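Colleague: I have not looked at this model before. Could you show me how to read its features, one at a time?

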Amino acid sequence: QDNSKQNNLVICDYDLFQELYQIESYTCSRLGEPLLLCLITVNNRIRGKATSSTIAKSMEVLIDCFKNTLRAHDIISKYSHNQYVLLLPDITQAKGQDYLKKIVNDFSKSAFRSLIQLEYALLPIAGTKNKNGVRS
């Protein structure tokens with residue numbers, strides 16, 4: 001996967017993603033800004049029904065969903081044959097959830113909706129507040 005900027009979205013290989021993660025994590029921690037890490041997984045809705053080519057095509061559709069939802073400074077990388085990892089700087093957990101719900105909703109309008117199910121995990125990395133309102 002080439003390092004490129006497509007539709008103002010940073011899409012890079014995983015090695016570069018790891019470097020950008022280190023930089024963003026450090027910067028956001030120092031500035032007290034929020035940073036979210038997300039893993040999106042493309043799974044068979046019905047065991048054994050989706051072929052590897054269906055999963056590959058659905059991963060391409062998912063990139064289009066990212067382009068329609070995410071911001072110019074969000075960072076995306078393919079993590080495995082059926083997973084993307086996203087780095088979402090300067091965004092709250094609630095807003096991150098909203099973005100991911102929109103991505104899932106957009107994907108559900110695709111031709112793959114009957115075969116493919118999206119699952120995601122969203123993890124705060126920096127700039128979150130603990131119960132006492134103190135940034136971690």
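Modeller: Begin where a helix begins: at the start of α1, a side-chain oxygen of Asp 13 comes to within 3.2 Å of the backbone nitrogen of Asp 15. A polar contact is a pair of N or O atoms within 3.5 Å; within protein, one atom must be able to donate a hydrogen and the other to accept it, and residues adjacent in sequence count only if both atoms are side-chain atoms. This is a predicted model, where local features need pLDDT of at least 70 and side-chain atom pairs count only at pLDDT 80 or more, while totals for chains, interfaces and linings use all residues. Residues are numbered from 1 along each chain as its sequence is written, and side-chain values use heavy atoms, with hydrogens and water left out.

Colleague: What pattern does the chain follow along the sequence?

Modeller: Helices (H or I, at least four residues) and strands (E, at least two) are DSSP runs, numbered from the N terminus. Here there are three helices and six strands, and their order along the sequence is β-β-α-β-α-β-β-α-β.

Colleague: How many residues does α1 have, and how far does it reach?

Modeller: The expected span of a helix is 1.5 Å times one less than its number of residues. Helix α1 covers residues 14-31, which is 18 residues, and reaches 25 Å from its first C-alpha to its last, close to the expected 26 Å. After α1 comes Gly 32, with a positive phi near 75 degrees. Helix α2 (residues 52-69) also has 18 residues, and its end C-alpha atoms are 26 Å apart, in agreement with the 26 Å it should span.

Colleague: Which residues of α1 are buried, and which are exposed?

Modeller: Buried means under 20% relative accessible area, exposed over 50%, and partly exposed in between (1.4 Å probe, protein chains only). In α1, Phe 17, Ser 25 and Cys 28 are the buried residues. They cover an arc of only 80 degrees around the axis, which puts them on the same side of α1; the arc is taken from the directions from the helix axis to the C-beta atoms. Asp 15, Glu 19, Gln 22, Ile 23, Tyr 26 and Arg 30 are exposed on the other side of α1.

Colleague: What covers the buried residues of α1?

Modeller: Contact means heavy atoms within 4.5 Å. The cover over the buried residues of α1 includes strands β2 (9-12), β3 (35-44), β4 (75-80), β5 (83-89) and β6 (116-126).

Colleague: And which residues of α2 are buried?

Modeller: They are Thr 54, Ile 55, Ser 58, Met 59, Leu 62, Ile 63, Cys 65, Phe 66 and Thr 69. Their cover includes β2, β3, β4, β5, α3 (93-107) and β6. Take Ser 58 as a case: its relative accessibility is 0%, so Ser 58 counts as buried. With its neighbours within four places in sequence left aside, Ser 58 is in contact with Val 42, Phe 107, Phe 112 and Ile 116.

Colleague: How many aromatic pairs does the structure hold?

Modeller: Rings of Phe, Tyr and Trp (its six-membered ring) pair if their centres lie within 6.5 Å; planes under 30 degrees apart count as stacked, over 60 as edge-to-face and the rest as tilted. The structure holds three such pairs. Tyr 14 and Phe 17 form a stacked one, at 6.0 Å centre to centre with 15 degrees between the planes. Both residues lie in α1, three residues apart, about one turn of the helix. Tyr 14 is partly exposed at 28% relative accessibility, whereas Phe 17 is buried at 3%. Phe 66 and Tyr 84 form an edge-to-face pair, 5.3 Å centre to centre and 85 degrees between the planes. Phe 66 lies in α2 and Tyr 84 in β5, so this pair ties together parts 18 residues apart in sequence. Phe 66 is buried at 0%, and Tyr 84 is buried at 4%. Ring pairs also link Tyr 14, Phe 17 and Tyr 79 into a cluster.

Colleague: How many disulfides are there?

Modeller: A disulfide is a covalent bond between the sulfur atoms of two cysteines. The rule asks for a pair of cysteine sulfur atoms within 2.5 Å, and by it the count is zero. As for accessibility, Cys 28 is buried at 2% and Cys 65 is buried at 5%.

Colleague: What can be said of the chain as a whole?

Modeller: Buried residues make up 39% of its 136 residues. Among contacts between residues at least 6 apart in sequence, 70% join residues at least 24 apart. Asn 44 is partly exposed, at 29% relative accessibility.
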